[in-house]
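I opened my notebook to look up how charged side chains pair up here. Come and read along with me.

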Amino acid sequence: MAESLTRRRLLGAAGATGAWLAWAAAGNSAHAVWAKPRFTVNPFTLGVASGEPTPDGMVLWTRLAPDPLAADGAGGMPAQVVQVQWQVATDPAFGYVVAAGTTPATPELGHSVHAEVTGLAADREYYYRFRVGADTSAVGRTRTTPVTPGGSRLTFALACCQNYAAGYYTAYEHLAQQDIDLVVFVGDYIYEGPGQGSIGRAHQPPREIFTLADYRIRYAQYKSDPALQAAHARAPWLVVFDDHEVDNDWAGDQPSDGQTVEDFLRRRAAAFQAYYESMPLRPFSAPVGDDIQVYRRATWGGLATFHIVDTRQYRDPYACGGAEFSTCPEAFDPARTMLGFAQETWLADGFRQSRTSWDFVAQQGAFVRRWVDQNGVLMLKMDAWDGYVGSQQRVTQAWVDAGVRNPVVLSGDIHAHWASDLKLDYDTPGAPLVGSELIATSISSGGTGRDHVPGVHPIFADNPHLRFYTDLRGYITVTVTPDRLQADYQCVRDVMVPDAEVFRRASFVIDDGVRGLRQTYDGPPAAAPARELTEAERRAAIDALIASETGDEQEGV
Ligand SMILES: [Fe+2]
């Protein structure tokens, strides 16, 4: 109650600021227009991106930053409005321009551009670029979605957790070479901590970040990476944040590192603003004060629905006194919620209304039940859905009750590849499977890690619904047709050196209308032979898992 009163007071005080941001997101500015902009260096240093594709358009993104790491966070731009031209063509040489326009880049929003394009043909590939003064951006590739109920095939990449200081973005170099239609990014686009790493990619500014200028600089540093720029230029993205876009392990109004609620909400407002400025989100997702609307739905013809879920902003505080792993009764209290009850209702409505072949819940933390043997006692992870069992059960029950044809949860957060089957009743052996979950490992967070042969972890003994695990970096390629889904788990051999090999570690298939994953590929074939772990090895592996998912380790450097 104290928090909500504080929050209302803050929102009242910040109301003008919130309204002002929405006004700015509509293209307004208090600043004069720079009539004939001329730059001494190309201002498109942060690349281009697109997102939120529909049958007739998408949003195109860039941000002008001739000096991306400028200490004031303004990217080297003057406090003037710049009109940015954009073009969309059917060919990469721009011989056939089919749409063009001008969108203002304002100081209020860090000279970011969110240009909403409409009027394009459905289910087509397009190319886009920006121009200001004498300078032109890189060319990006994007596409529109099929008209419902069309669409025969969709290939997307699932990625998350890209700690810049912790490793090279080799996974993105690989992803940018693939024939993909879409990238789904489920959080930890930046890390807010001070980690400096060991490979010459030290965080800027070199401290934990709190202010709008701090967050803008951190995003600019991450977005300066050529592999990340190439991945954005390859396909439209659907993005959602997790905790590190604001602060490690934040929950609702609750900070995790000793800030007051008021200070934290000011920080959250700054973090959300910089997030919006840096992402290919539509203006309706512009934050209002310290709130941002990112839970939303995207469809791909009759083939797929993406229910994009926010598990941070509306969740109850952690159960069990803040322990990372616990099993106190509070975690099972159905009055507690991961999504907030309004978002739970919205999600259940979406399940009922969906008519697509595949329904993806795209979100952050592990959804599946994972009992972890901590010193002989079975524990659950409080930051994951296991810490909000009421929500875990209600969401699962909702898709079962709605008769969703093929439910699949897409997740990230825990810096390892996992594949699992989902149940309503995890306590009864043989209880029916009701869906599956694909958890993508990190792009770089946590450093190189190691392969687990033969793709299992000792906690599988207490969780027979878990199907695959390996602790390497990478992403997942998912291809869906009306008949089946195939998930290819891509892994990077080493993220501490540039350009390491990327290889397919495992593949799983889900057949239309069938519950449960079916493994169709297990590699690499030269992997060490499988054998029974000794008790000491088993214990060490479980302890390592607990350590790797605990607290600031997720900073990863
Ligand atoms: Fe992460």
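**Salt bridge notes**

I started with Arg-336, which is buried, with a relative accessible area of 6%. I keep in mind that the model I am reading is a predicted one.

Which residue forms a salt bridge with Arg-336? I found Glu-330, with the closest N and O atoms 3.9 Å apart. Glu-330 is partly exposed, at a relative accessible area of 35%. I call Arg-336 buried because its 6% falls under the 20% cut-off.

Next I checked the total, and the structure holds 38 salt bridges.

I then turned to Arg-539. Its side chain meets that of Asp-373 in a salt bridge, at 3.5 Å from N to O. I looked up where the two sit: Asp-373 belongs to strand β16 (residues 372-374), while Arg-539 belongs to helix α9 (residues 535-548). They are 166 residues apart, so I noted this pair as a link between distant parts of the chain. Asp-373 is buried, with a relative accessible area of 11%.

Because Asp-543 and Arg-539 are four residues apart in helix α9, about one helical turn separates them. Asp-543 counts as partly exposed, at 37% relative accessibility.

Last, I followed the shared partners. Salt bridges join Asp-373, Glu-535, Arg-538, Arg-539 and Asp-543 into one network.

Notes. Residues are numbered from 1 along each chain as its sequence is written. This is a predicted model: local features need pLDDT of at least 70, side-chain atom pairs count only at pLDDT 80 or more; totals for chains, interfaces and linings use all residues. Side-chain values use heavy atoms; hydrogens and water are left out. A salt bridge is a side-chain nitrogen of Lys or Arg within 4 Å of a carboxyl oxygen of Asp or Glu. Buried means under 20% relative accessible area, exposed over 50%, partly exposed in between (1.4 Å probe, protein chains only).
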